[in-house]
Amino acid sequence: MKEGVLEKLKILAESAKYDVSCSSSGTVRSGRGKGVGNTVGGVGICHSFAEDGRCISLLKIMLTNHCIYDCAYCINRRSNDVRRATLSVGELVELTMEFYRRNYIEGLFLSSGVVRSPDYTMERLVRVAKDLREAHGFNGYIHLKSIPGASRELVRAAGFYADRLSVNVEIPNEASLRRLAPEKSLESVFQPMRFIRQGVLENQEDRRRLRHVPRFVPAGQSTQMIVGATAETDRDILSLSSALYARPTMRRVYYSGYVSVNTYDDRLPRLKQPPLVRENRLYQADWLLRFYRFRVDEIVDEAHPLLDLELDPKLSWALRHPEFFPLDVNRADYEELLRVPGIGVHSARLIVAARRFGRVDSCQLRRMGVVMKKAQHFLAFRELAVRTVDTLPPESARALFLPARRRKKGEGQLLLDFADE
Amino acid sequence: MNNVFFYDASFEGLLSAVFEAYVQKQFPDELLPEGAAPPLFAGRVFHVATQEERSRRVWAALEKKLSPAALRGLELVWFSAIPGSDLLLFRYIRKAIDAPASVETDFGDPVVLRFAQLCRRVSREVLRLKQFLRFQKAADGTYFAAVEPEYNVLPLAVDHFADRFSDQPWLIYDLRRGYGFYYDLRSVREVVLQDTPLLRSGRLGKGQAAEGEEQWQQLWKTYFKSIAIRERLNPRLHRQNMPVRFWRHLTEKQ
Ligand code: SF4
């Protein structure tokens, strides 16, 4: 490895770290036989956790942090005076291979600032992926950023080497986006998303006819929105998420609490701390959309455009709907069980399975992992002497679930509200 | 009075004990490894001889009664080697044999539920092995990793590594249990090595490591530091996701 790579690695990892997506999920590809690497099913593997607690699954890095654009929220914008670096295709390939062979990573997540033109940049990203796959027999995971403005042909080429492609929305509102990123528009994001989607659909067609056509982005696409840099409400954000999920191939929407990287720019708020609690609530709401069969207008609506920071969105929904409760755990169907605070996907499945063998009582629920402290107020059990939410005035029902006032400072960073909101 | 079964503490032994129990129509309240001190108030005491034929027949019966997932579960719970897990397995197997229909999802039953929970715990440890194992490249080209899992789960993770790293020779060694697996580009075999400083520290010393190894580790450590967002430092979450007991063999934590 040549001199100077250490410095470049440092600069380009620092530049890439605000992109929060990390997952290596969605592809199953066995390795045995040729080359090195495989991808395992389901959720992908986190190999390490950074000191901010986030998963490190892929080598997340930028090819270069030079950029001709000037997006206000981005540390790499052209008007910033930061150290710049560029890794060569060869250096990136070698880093990926050597890290992979030591079981440090599941693969590569490569993004880039825009140099010269979108196509010029995209072409280099594709070269890295191609080199890994074709010259080095690399079977691990590859996630490429699709550069807004890149041509359909290059997106196509990328899709045959990458497991996942992504384009970040960043700001979910046209006017706000234009104000902060004059070179971008929502259409410049939706267009590459469309290229990817069309690529996948056509590929499915081709594969039906010809069995040996390679797969096109088997793990679909993902995107990210920045939270707290602009005035958009949680309702704006989640409505866009829900619309994106409705289209085929969109697998994940990530939410990134805005870190004030460019404090001098007065188009942006100066936050002492990123809005972590709000970000966390958005992930919980997203979870409800994807796994709990909630509709977005059940979570946020005109009267409640912001998520409750003190209570998780499922609990807040339940408290707004006392008429839905109490449920009979032995009768309610799976979807109803999922709506009970304290019952998760895992325990709901256990309950449905166990019921076929006989009645389920509250002790059994506890042993199955149901959080009875919460759930008891939503379930009808004669043996439990607690009041259920339908019999309580709304304010006292809410008071039951509010977190105990601040424990020691610094504890529970993600559990308690933060000063700036 | 308590029934006490002694057996040779092998999986075949356990299956033989099941067979014996059905023959005698006596079921154990306690299972003990041969040679252990008998409890003070033992009722009837049985000494089970491990017989391949018998254990095979019990397994064949289970294959008819249980799904592949549950059979894998038997393996997982066995490898956990948690005190009492053999008796739990015995009871689970007995339930499976006696019930007319599958018992696998009868989570209202304490034995079935406990079995499912142990399976989850052990599979989590298998996953952690896949996550946190780190190879160091030795001078002869072999990739070496030292591990110390909480349960004896290395055998359950070996296939994963063989599939993923099929074009590099590797040696994964469980320092705590004193054995490992070696892959020579053709097949994987179990190995027991002589005690050396390497097997105590788990780290390749100077002269043992391949050229450039040090540098790759340095690059990885640099990356690990740079990728954390300082405004979001969260040591509690960090430790929750990556428990301290793994740090000893994590390159980035050296
Ligand atoms: S185009 Fe990307 S790298 Fe360039 S300034 Fe905008 S967000 Fe940053």
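The model is a predicted one, so local features need pLDDT of at least 70 and side-chain atom pairs count only at pLDDT 80 or more, while totals for chains, interfaces and linings use all residues. Residues are numbered from 1 along each chain as its sequence is written, chains are lettered from A in the order in which they are written, and side-chain values use heavy atoms, with hydrogens and water left out. For the complex, the predictor gives an ipTM of 0.88 and a pTM of 0.87.

Contact, meaning heavy atoms within 4.5 Å, draws in 63 residues from chain A and 57 residues from chain B. Together the two chains bury about 5600 Å², of which 55% is on carbon and sulfur atoms; buried area here is the accessible area (1.4 Å probe) lost when two parts are put together, summed over both. On the chain A side, the most area is lost by Glu51(A), Arg102(A) and Tyr104(A), which together account for 13% of what that side buries.

Polar links also cross the interface. There are 29 residue pairs in polar contact between the chains, both residues at pLDDT 80 or more. A polar contact is a pair of N or O atoms within 3.5 Å; within protein, one must be able to donate a hydrogen and the other to accept it, and residues adjacent in sequence count only if both atoms are side-chain atoms. The interface also has 6 salt bridges, each a side-chain nitrogen of Lys or Arg within 4 Å of a carboxyl oxygen of Asp or Glu. One of them pairs Arg232(B) with Glu279(A), with 2.8 Å between the closest N and O atoms.

Arg101(A) sits in helix α2 of chain A (helices are DSSP runs of H or I, at least four residues, and strands runs of E, at least two, numbered from the N terminus). Arg101(A) counts as buried because its relative accessible area is 14%, buried being under 20%, exposed over 50% and partly exposed in between (1.4 Å probe, protein chains only). Its side chain makes polar contacts with the side chains of Asp167(B), at 2.9 Å, and Gln168(B), at 2.7 Å.

Ile105(A) lies in the loop between α2 and β4 (107-111) of chain A. At 0% relative accessibility, Ile105(A) is buried too. Beyond its neighbours within four places in sequence, Ile105(A) has contacts including Leu58(A), Phe99(A), Arg164(B) and Trp220(B).
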